[in-house]
Amino acid sequence: MKAVIYLDSYFFMNMFLNLMLLYLLHRFRRLKGSIFRISLAAAFGGFISCFLVLHPSYGIFVQGIITYLFAGPGMIVLAFGYHGWKKFFQNLCCLIVITVGLGGLVLFLTEHYISYCIAEKEPPLLSVKIVLIAALFGTAMVAVLYQKFARQVKKDARTYNTTLFLENKKVTVIGYLDSGNLLKEPVSGKPVAILEEEIFLKLFEGQTRENMERCLAGGRANWDMAGSYMGRMRLIPYKSIGKKRGMMNGFIADRMEVAGLEAISSVRPVIAVYSGTLSSDGSYQMILPGI
């Protein structure tokens, strides 16, 4: 039985798949590219696919070279331009990973279409629509999941094990390096780290802990309840969105060690005490000063 492949349908199917791949690359790598350029690049990839299907004698090896060393790089340059070999190579690797990741979908669509061509039948329009809608939905889901994963990786890359020392006590927490934390202690000018109150109070025991709780609850008016620690208390001015300015209770600890980040580790660090939780998912308990 003679196989019949409708070249126009094959072209648009591959162009559609290329649009999905380039869209995911655009979102994952946050690349700049107009809709026209991305569409042009997708059409270029579709043209290469048609060229290869018309020349099956090239063999899988030659077709692979044309696909990954000519079609892929060509689509990237057409869609997003060339900005140095390093970024180009990163974009190419990302495109290959996305292509392999969606390879099952590509294979399904191709076999779905070619099976009808071999049977000399037109693919059912409803079936094709369902497949294309499923492909769009799958692309959107992959993009959303990747963004969440990327945010988590970025957050993890900026978290550090941080140990705070006070006399013979210490607490170890996860500190988040926030370049936007520009708080300064007004007298010394030292950068300020922000720590959750619940964690801060673990540095104290018994009556001293109760006194520190009352001290923090009453602000500067209750600082005398800090006893021998009164000289360590500080007021930290801050500004935030929705509230023009305010004051946070601050405290001078003995030492702070940030694993893998010596630039922030310091003697007699200034710690601002926050009454709530700093992270909505509990992934960190301290915000480190920006560097």
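Ala, Val, Leu, Ile, Met, Phe, Trp, Tyr, Cys and Pro are counted here as nonpolar, Asp, Glu, Lys and Arg as charged, and the others, Gly among them, as polar. On that basis, the lining of the second largest pocket has 11 nonpolar, 5 polar and 3 charged residues. The model is predicted. The second largest pocket holds about 450 Å³ of space. Its lining comprises 19 residues. Leu 183, Ile 194, Tyr 238, Met 248 and Tyr 274 lie nearest the centre.

Two packed helices are described by the angle between their axes and the distance between the axes. For helix α2 (residues 35-53) and helix α3 (residues 59-80), the angle is about 165 degrees and the axes are 7 Å apart. Angles over 145 degrees count as roughly antiparallel, and α2 and α3 are therefore roughly antiparallel to each other. Their crossing is right-handed. On the α2 side, the contact is made by Arg 37, Ile 38, Leu 40, Ala 41, Ala 42, Phe 44, Gly 45, Ile 48 and Leu 52. Residues contributed by α3 include Gln 63, Ile 66, Phe 70, Gly 74, Val 77 and Phe 80. By class, the residues of this contact divide into 15 nonpolar, 4 polar and 1 charged.

Val 77 of α3 is also touched by Phe 88. Phe 88 belongs to helix α4 (residues 85-101). Phe 88 and Val 77 are 11 residues apart along the chain, and their C-alpha atoms are separated by 8.2 Å. Leaving aside residues up to four places away in sequence, Phe 88 touches Pro 73, Ile 76, Val 77 and Tyr 82.

Terms used
Residues numbered from 1 in each chain as written. Predicted model: local features only at pLDDT ≥ 70, side-chain atom pairs only at ≥ 80, totals over all residues. Heavy atoms only, no water. 1 Å grid on protein atoms, 1.4 Å probe; cavity = no way out; pocket = protein on both sides within 12 Å on 5 of 7 lines; lining within 4 Å. Points joined across faces, edges and corners; volume = space filled by probe spheres on them. Axes fitted to C-alpha atoms, helices over the stretch in contact; angles between N-to-C directions. Helix = DSSP H or I, 4+ residues; strand = E, 2+ residues; numbered from the N terminus. Parallel < 35°, antiparallel > 145°, perpendicular 65-115°, else oblique. Left-handed = near helix turned anticlockwise from the far one by under 90°. Contact = heavy atoms within 4.5 Å.
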